[in-house]
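Grab the viewer and try each task before reading on.

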Amino acid sequence: MSLQRFVSRCLAVAVAAAGLAGASASAQNKELNLFAWSEYVPQGVIDGFTAETGIKVNYESYASNEEMLSKLLAGATKYDLVQPSEYVVEALIKQDALEPLDHGKLSNLGNLDPAFGKMSHDAGHRFSVPWMSGTVGIVVNTEKVTEPIRGYADFFQEKFKNRLVVLDDGREIVTWAMATEGIGPNDVTDANLERAKPIVRKWLKLVKIFDSDSPKTSLLNGDTDLGIVWSGEAALLFAEDAKFQYILPIEGTHQFIDSLAIPKGAKNADAAHQFINYILRPEVSKLISDDFPYTNPNTEARKLLTDEQRNNPASYPQGDPKLDLFHDIGDMAGKIDAMMTQLKSEL
Ligand code: N2P
């Protein structure tokens with residue numbers, strides 16, 4: 001082969017390869033694999049994003065942080081965007097499992113309440129951006145339950161057997177039991193789990209329904225009279241009927257910061273940044289509050305809420321409740337899972 005033909009063939013190969021690379025680059029970032037909590041992402045937000053960007057969103061849902069984490073770590077790079085709570089953001093950062101966010105692509109970051117950028121799980125939003133914040137608390141159907149319910153000890157009483165719905169969440173349930181013993185949510189040790197265990201065993205027997213997806217449903221249709229639920233669920237109940245009162249337990253409770261983050265190696269990281277920046281727009285963030293009335297972390301979006309939304313006591317707590325963020329508890333998370341599996345198998 002002449003040198004000239006050799007060079008031109010090499011060039012042809014190089015051009016073809018560049019073409020292929022171009023084709024696969026353009027195939028990327030045309031879809032977004034979103035792995036998020038159930039009942040948390042309005043269809044209208046997804047549709048609006050797709051209409052504007054042409055990026056198709058595949059929304060797969062989960063009902064607990066632990067479920068998300070195990071699927072994420074098993075499936076490696078399948079997801080482009082996940083929605084962990086603060087303690088799981090902390091764990092994922094420690095494991096080097098998140099992509100650093102490119103703030104150059106997040107022009108709407110300044111709409112957030114600066115308080116959220118000072119939290120220790122991810123100061124400065126290096127890896128995560130808050131979606132919604134919220135609390136875990138007690139809903140009382142005051143037409144059915146007239147005695148005062150102030151906290152977990154009042155809630156889990158023999159007389160309420162088979163009238164209770166609670167979140168199906170081991171870390172939460174263990175936290176409630178520890179709280180009645182004066183133990184903080186992050187002091188999860190073998191000894192403290194042993195103390196919590198008989199309490200949880202007794203409580204589980206009183207519960208009618210475990211539901212993390214839509215605990216409001218059984219309260220609404222009268223199957224249960226008391227619930228321990230996510231605050232957004234309580235806010236929807238209160239908006240429906242003020243007989244559903246929301247109480248933040250006197251023993252203290254969890255304030256969660258559910259956040260968007262990009263798993264390391266995500267194929268559509270640019271699309272993920274675009275989605276994050278899209279939901280940081282005030283008018284888009286308001287759409288999330290309309291459907292899922294948690295505490296909106298976006299100062300500019302909050303200005304767009306109605307008085308009724310802003311005054312919903314479940315969405316925006318009054319006074320000075322005892323609230324704690326969760327921290328990553330490392331190996332103890334697996335011990336909580338094992339304990340819960342065992343106690344549930346006894347039922
Ligand atoms: C939304 C669930 C809220 C998540 N359905 C609590 N971290």
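**Exercise 1.** Work out whether R150 is buried or partly exposed, and do likewise for its salt-bridge partner D154.

*Solution.* Start with the cut-offs: buried is under 20% relative accessible area, exposed is over 50%, and partly exposed lies in between, using a 1.4 Å probe and protein chains only. R150 comes out at 47%, so it's partly exposed. D154 has 13%, so that one is buried. Next, the contact: a salt bridge needs a side-chain nitrogen of Lys or Arg within 4 Å of a carboxyl oxygen of Asp or Glu. The N to O distance between R150 and D154 is 2.9 Å.

A word on the ground rules: this is a predicted model, where local features need pLDDT of at least 70 and side-chain atom pairs count only at pLDDT 80 or more, while totals for chains, interfaces and linings use all residues. Residues are numbered from 1 along each chain as its sequence is written, and side-chain values use heavy atoms, with hydrogens and water left out.

**Exercise 2.** Find the salt-bridge partner of D328 and say where each residue sits.

*Solution.* The partner is K94, with the closest N and O atoms 2.8 Å apart. K94 belongs to helix α4 (residues 86-94), whereas D328 is in the loop between β10 (323-324) and α14 (332-345), so the pair links distant parts of the chain, 234 residues apart; helices (H or I, at least four residues) and strands (E, at least two) are DSSP runs, numbered from the N terminus. Now check accessibility: D328 has 22% and is partly exposed, while K94 has 58% and is exposed.

**Exercise 3.** Count the salt bridges and pick out a network.

*Solution.* The count is 22. E39, K216 and E233 make up a linked network. K243 and D241 also pair up, at 3.9 Å from N to O.

**Exercise 4.** Which residues line the second largest cavity, and of what class are they?

*Solution.* A cavity is a set of points, on a 1 Å grid over the protein atoms alone, where a 1.4 Å probe fits but cannot get out; lining residues have an atom within 4 Å of a point. The second largest cavity is lined by P130, W131, I279, L280, S285, I288, P297 and N298. β4 (128-141) and α11 (282-291) are the elements giving two or more residues. By class there are 6 nonpolar, 2 polar and no charged residues, where Ala, Val, Leu, Ile, Met, Phe, Trp, Tyr, Cys and Pro count as nonpolar, Asp, Glu, Lys and Arg as charged, and the others, Gly among them, as polar.

Notes:
1 Å grid on protein atoms, 1.4 Å probe; cavity = no way out; pocket = protein on both sides within 12 Å on 5 of 7 lines; lining within 4 Å.
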